[in-house]
Amino acid sequence: LTDTEGYIYPRWNTTCKEGNPVSRIRKRLAEMSQDCCVYCGQRISNMEMDVDHFLPKSAFPYIAYCWENLLPSCKPCNQSLKQEYVPDALKDRVIVEEILREEMVWDNIYDKSFLLKEIAGHSRLIDPTFDNPEDHLAFNPEFYFYESRTEIGNVTAKRLFNRRKATAENWEQISRFVKKIVMICEEPEEAREIVSAYVDLSGYEYVSHQFCDYWLTEKAANRIHRS
């Protein structure tokens with residue numbers, strides 16, 4: 001499981017290559033999220049992608065290779081914001097995969113639904129492979145932040161988004177750019193096509209489309225020229 005320095009072997013990066021420099025695990029994770037970070041929605045390349053362990057491998061080494069615990073993430077979300085976050089209710093628990101049931105003393109066999117719903121409860125981050133993010137968070141395109149709909153959304157917003165002033169400033173610039181596109185386009189579909197082309201260049205997929213829908217609505221209501 002670990003090398004001589006105690007680090008877990010990164011098999012999610014190095015196994016199943018089949019002659020391809022990108023491991024099959026990384027490729028499947030990227031395909032699963034359409035090449036986007038599951039937390040912020042930004043489109044990412046293989047070089048920009050981290051394989052995040054939703055329950056961090058530092059605290060739960062015996063599920064380090066569990067497929068359901070792996071998520072594709074951009075480096076800022078994984079390394080700077082989420083980091084080694086562990087829900088309070090799961091701290092100090094020994095969680096193992098089913099294959100280790102007879103080999104170890106454990107507190108829980110890994111079962112995502114049970115761990116997240118029955119133990120972690122509301123004091124945890126959104127897992128986009130388990131939760132519908134829009135049940136917990138609503139993007140506010142007018143004020144450039146995520147509004148919390150639930151306690152899970154509140155924990156996620158505080159951990160991943162509300163700590164990034166630079167992100168809000170960046171979103172404001174994207175909003176202004178998308179607004180200009182919407183203003184000069186005669187038809188909504190034309191604006192959406194141009195915004196999609198912008199996404200291919202910038203990578204800001206989710207927020208760009210959110211801003212586009214917002215400004216199209218404002219334009220239809222004759223409010224787009226307000227300051």
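Predicted model: local features only at pLDDT ≥ 70, side-chain atom pairs only at ≥ 80, totals over all residues.
**Entry 1: the surface patch**

I looked up which residues make the nonpolar surface patch. They are Leu1, Tyr9, Tyr62 and Tyr65, and the patch has an area of about 350 Å². I then checked Tyr65. I found Tyr65 in the loop between β1 (49–53) and β2 (70–74). Its relative accessible area is 31%, so I noted Tyr65 as partly exposed.

How many salt bridges does the structure hold? I recorded 12.

I took Lys75 and Asp50 next. Their side chains meet in a salt bridge, at 2.8 Å from N to O. Lys75 lies in helix α3 (residues 75–82) and Asp50 in strand β1, so this pair ties together parts that are 25 residues apart in sequence. Are the two partners buried or exposed? Lys75 is partly exposed at 32% relative accessibility, while Asp50 is buried at 10%.

I also looked up Lys82, which forms a salt bridge with Asp52; the closest N and O atoms are 3.3 Å apart. This pair links distant parts of the chain, with Lys82 in helix α3 and Asp52 in strand β1, 30 residues apart. I noted both Lys82 and Asp52 as buried.

Glu218 forms a salt bridge with Arg223, and I wrote down 2.8 Å between the closest N and O atoms. Glu218 counts as buried because its relative accessibility is 4%, under the 20% limit. Arg223 is partly exposed, at 37%.

Last, I looked up a network: salt bridges that share partners join Arg43, Asp200 and Glu205.

Note on methods:
Residues numbered from 1 in each chain as written. Heavy atoms only, no water. Patch = residues over 30% accessible without salt bridge, like charges linked within 9 Å, V, L, I, M, F, W, Y side chains within 5 Å. Areas by Shrake-Rupley, 256 points an atom, 1.4 Å probe, with all protein chains shown as cover. Salt bridge = Lys/Arg side-chain N within 4 Å of Asp/Glu carboxyl O. Helix = DSSP H or I, 4+ residues; strand = E, 2+ residues; numbered from the N terminus. Buried < 20%, exposed > 50% of the residue type's maximum accessible area, 1.4 Å probe, protein only.
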